[in-house]
Structure formats: structure tokens, C-alpha cells
Amino acid sequence: MTSPSSGEAVAKPASGGLGWLLEQRVLLSVAVLAVLPWLLPSQALAVNVLIYGVVVMGYNLLFGYTGLLSFGQAAFFGAGAYFTGIAIGRYGLPWFMAVPIAVLLSTCLAAAIGIVSTRTRGIYFSMVTLALAQLVYYVALQAASFTGGENGLRGFTVDRINLFGLSVNFLDPVNKYYVLMALAALAMWFQSRILNSPFGAVIEAIRENEQRARACGYNVERSKLIVFMLSGAISSLGGCMLALHLSIVPLDILHYQTSGMIVMMVLLGGARSFFGPFVGAATFLVLEDVISVWTPHWQIFVGAIFVLFVLFLPKGIWGTLLDALGVGKARP
Amino acid sequence: MDLSLIIMQLLSGIALGAVLVITALGLTIVFGMLGVVNFAHGALFMIGAYAGLYLASLTGSFWWGLLLAPILMGAFGMLIEFVLIRRLYGRSIDDPLLLTFGLSYILVEGVRIVFGSDGIPFPTPPQLIGVLDLGIGFFPRYRLFVIALVAVVLLLLWLALEKTRIGLIVRAGARDPMIMQVLGVDIGRVWLAIFGLGVGLAALGGVLAGPMRSVNPEMGSLVLAEAFVVTVIGGLGSIVGAVVAGLMVGISISLVALFAPEMATIVMFALMAVVLLIRPQGLFGVRGRTT
């Protein structure tokens, strides 16, 4: 912040210094993710941060930027994973076809849930999204011949990733991490484009004042439905990544506890910021990893930490840090 | 399929619905008064069941458990309101929701530490074991008792709200807390009592459900989704809505189980989706009361 116009670095992209650097949020985020496996205690943890980071980032479009507190994001995370697994295992599709198809089908599911839930407002919306996501959970539980029911989806493996004549051994953890990171980078680029577009301004206007946005002539209902679908699409890509990574899809992924975990992650990291979701996912997963070493009851600590965050640090770690640095409005 | 079987199933549905009504009522009263959606409601239902079980085994009588568990849990609810929820009034409407969600993690894990993760059987009280001949078929005594008790509790609650001075304050406070404060009513104490009542009702639901479901730390998560469905169908904050929707959901689950068992858990969600498409504010909800 040494440039003479440091006070306006927020409003206008400054030509140098911290302001310019933070404008490049996608590149910066990818750079951090690229070295993540060497910062965290294990590579398995880094892969999980990547996957949950994408899921939570998609959710943040809905919660942080539009102000819609959904409790049903697990439905799209799970749908992405299940559709990918079924496309590969049951229909023998290669991964690069399975993933787009899974995202497309998950987006359709998001449209169906969105049509019902975006008719409601406020707290109602939270309850309805939770209930409808539980409906998806029970459908997956009952349709056992397709989804494996309680045992989860099994019987598909991805050992090589082939694209453009390149063949990568996907079982090698380092290769796996960077292939998945490429998918995460794609999602980040997509999300950044949405936020920078006029539509990004519309959803933030809805968050700040729904009545005013409507009075300005924006179609609030349609915008909410579209952002619900975009959010579902991005989170479902995280599900695809999970399916490719684990080669199984546990039924638990669809449970509302997973939705709650996504909400916790976004709040721990900081809603309304671009990189906050990754910080939140990393914080949650590292906490789980560290605490579960000395007690199986790690959830009681995670719950307590979350309560303390709601009470005293509602902007989360990243959001508070950005505010302290005075760059909060740039929301990188 | 003969008629008596359908009537028996209908009665089962009413018994199931009665527990849902009591549980959803706690949720809806707290929302109506405090504007707080208690995401820990399911966890408190579960702890209510454990408390009932523990007190019953301690005193050797189910009836002490049934009486004391809701009272003690009500006091615990007041403690939660006083220590945690109270700090959040005036902040974003999402904050109490998020806080109670975090609280449910603590409560569920706390129960796992004390009682373990496995389910515990909740014995039916000896006086209520067996079936009663209703002329057209046999029906479990315990379920009849649940229906009767819930009816009595509903009646008492209605009398308290409509016929007493405290009820008047509560109803007026739900409409306009500011005016109540101007009139010299300590609205903070009313909110404390209402939150306690809500948690007490959750605990009562838990104790009543004990002998019908198995008691385990996860039982609350299913109940929370069910209570949400009931309050959304009935209209958030509406007491009549909670009663009608609770019975409606219980009966539909029961009747669908008769014809298509695998659809039983799904039917209530479908019911909710249909109601929302027709009336987004719920059957007895008031438009504009949804935020």
C-alpha cells in the first residue's frame, strides 16, 4: 500500500502494490493451492481441502454474495459425486464425459429444488432447503439398485486420466492433486467471472436490499433461481472431484450434516470473500485432523469453536484479516 | 383392503402426528415470539428422550421421567437463552440459527460422551403394555395414551394462551415487543420463559417418542427435518398450523406405509413441496411473516 492513491485502491484497481495483487484473485488462489500439499501435514488432507474448498466456494455464491442461507448444499455436492460414479461405473463413460454430464444433471436438480425453495424467504428458505435436501438423501437411500443405498456407491475406479493424448497415472497422489487442482482452478475462474459480471452486481444488490433491487427493475425471483443453479453447479463439481478421488461415494455425503459442515466452513473462513471458503475448509479439516488424534469426540470442539465464531467473529478468519488489512471491500 | 385396517393405520398416524405436533409446536412458538429458528430443537428432543429414560430408571417409574424431564429441560432451555441466544437479538436473523446449529453439535457429541453412540431401548411403562380392543381391531395402549396426553397438553396450552393474563402478554409480545416494553412489561423475562417452554415441549416429544422409536444420539436429526416440514406446511409461527400439519404429516406417513412402504419417509417432503408451490407462506402462515 505504498502507492499514493492507496485510499482509492479499493474503488479503482491500482496499478501496483497490494491492491493490484489482490485483484488477481484467481491466480493468487491457484498459487496458494499449488503449494498446499507441502504446507499441510498430509497430501490426503490437501486433496480434501481442494474438494471442500470448491464445494464451499459454490455455496458462498449463494450465502455470502446473495445472502441466501441454504441448508441443503449437500444435495448438489452428493449429486455431483453420485452422477459421476454412476456414469463411470454403470455406463462406462470416460471421466472427461462423466464430469460435465454430472454437473449438468446436478444443475437440473438444483433447478428443481430452487423452483420450490426460492419462492420462500428468510428463515423459511433455510428450513425448506434442508427438508428438500433430506428428500434427496432418502431417495438415494431407497433407490439402492442405482446408488448402493446405505453402503454407498462402489464399483468404479479411475486409475488413469487420459486427455489430449496425455495419460497420467491418477493413483499417484501428487498427480491426483494437480489434476483435481486444475478442476478447482476452472471452478474459481468461472466463479470470478460470475462475480465480475453485471449479474454479480445484481445478486449483491439483492443481498443488500431485496425490495430496492426489485424496485430497480431486477427480476429478483429469476436471479435467485439462477444463482441457486450456478451455486449448485459449482458445488457439484466438488462432488465430481470427490468421486474421482475416493472411487466410492458414501451415502453420508447427502445428509444434512454435510450441509451443516459446508455452512460451518464458509463461516469459519469468511463469507463474502473469494478465498475465504478455502481458508474455512482448511481450518475445519485441520481442526478435525488435529483434534481427532487425541479424542474421538472432535465434533464437540468444532461445535464450540463454531459457536464462538458466530458470537465474536462473524466475518470469519479471512474476512476479519482482510478488514484488518483495510482491503475488505475488494473481497479477494 | 378392509376398512378396519385403514382405520387402525389412521389411528397410528394420529399417534405419530401427535408427537410431531408437540415437537413442532415448540419450534413454532419460539419462532413466533422470538423470531429464532432453533436448529438445536432436534438435539434437545433427543436429550429429552435420554433425560426421560435416565430419570425413569433413577426413580423406577416412567411417570417421573415423563413429568421431570420436560421441566428440567425447560430450565436448561432458559439457561441457553440467557447465556447464548440473548446476545444475538438485534443482529442478523441468521445468527441465532447458526448458533443453535453449532450448539446441536455440542449437545449430540456430549450425549455420545455420556451415554455412548449405541441406541438404548426405552421400555414401555408396564401400565401401558399391550393392546386395547376397540371393537374393530386391536390398538397399542401406549399410542392411545400418547394421543390423549397430547390432546390434554394442547388444551392446557390453549387455555393458558387465551384465558390467562400471561397468555395475553405473550400474544401481545409476539405482535409488538416494543409496545409491551413501553407498557412496563419485562419482555426479556417473557422471551426467557417462551424459550424454556419451547425446549420443554421438545423434551416432552422426546420422552413420548422414546418407547415408539429407539433412543440414540442421531434420533434428533430426523426429528428436526420432520419438525421443519410440519412448521413449513402449517405456516411458521402458527400454532393451529402446527397442529393441523403435524396430524396431516403423521396420517400421510402412516397411510402411505400401508400401500407403498418404501415411499413412507419421502411422502412428507413431497407434501411440503406441493403446499409450498400453492401457498409459499404455509397453510396458516401470514404473508410477510416469513423473514
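Begin by selecting α9(B), a helix of 16 residues that reaches 23 Å from its first C-alpha to its last, close to the 22 Å expected at 1.5 Å a residue, where the expected span is 1.5 Å times one less than the number of residues. Helices here are DSSP runs of H or I with at least four residues, and strands are runs of E with at least two, numbered from the N terminus. Because 15 of its 16 residues are buried, α9(B) is largely enclosed by the rest of the structure; buried means under 20% relative accessible area, exposed means over 50%, and partly exposed lies in between, with a 1.4 Å probe and protein chains only. Step just past the end of α9(B) and you reach Gly235(B), which takes a positive phi of about 110 degrees.

Before going on, note that this is a predicted model, in which local features need pLDDT of at least 70 and side-chain atom pairs count only at pLDDT 80 or more, while totals for chains, interfaces and linings use all residues. Residues are numbered from 1 along each chain as its sequence is written, chains are lettered from A and ligands numbered from 1 in the order in which they are written, and side-chain values use heavy atoms, with hydrogens and water left out.

Next, select Glu109(B) and Arg112(B), whose side chains meet in a salt bridge at 2.7 Å, N to O; the term stands for a side-chain nitrogen of Lys or Arg within 4 Å of a carboxyl oxygen of Asp or Glu. Both residues belong to helix α4 (residues 94-115) of chain B, 3 residues apart, about one turn of the helix. Arg112(B) is buried, with a relative accessible area of 17%, whereas Glu218(B), at 38%, is partly exposed.

Move to chain A and select Lys224(A), which lies in helix α11 (residues 220-246). Is Lys224(A) buried or exposed? Its relative accessible area is 3%, so Lys224(A) is buried. Leaving aside neighbours within four places in sequence, Lys224(A) is in contact (heavy atoms within 4.5 Å) with Leu68(A), Thr118(A), Arg121(A), Ile206(A) and Glu210(A).

For the last stop, show both chains together and look at where they meet: the contact takes 42 residues from chain A and 47 residues from chain B. Chain A and chain B bury about 4100 Å² between them, 77% of it on carbon and sulfur atoms, buried area being the accessible area (1.4 Å probe) that two parts lose on being put together, summed over both. Select Ile123(A), Tyr124(A) and Met127(A), which lose the most area in chain A to chain B, together 19% of what that side buries.
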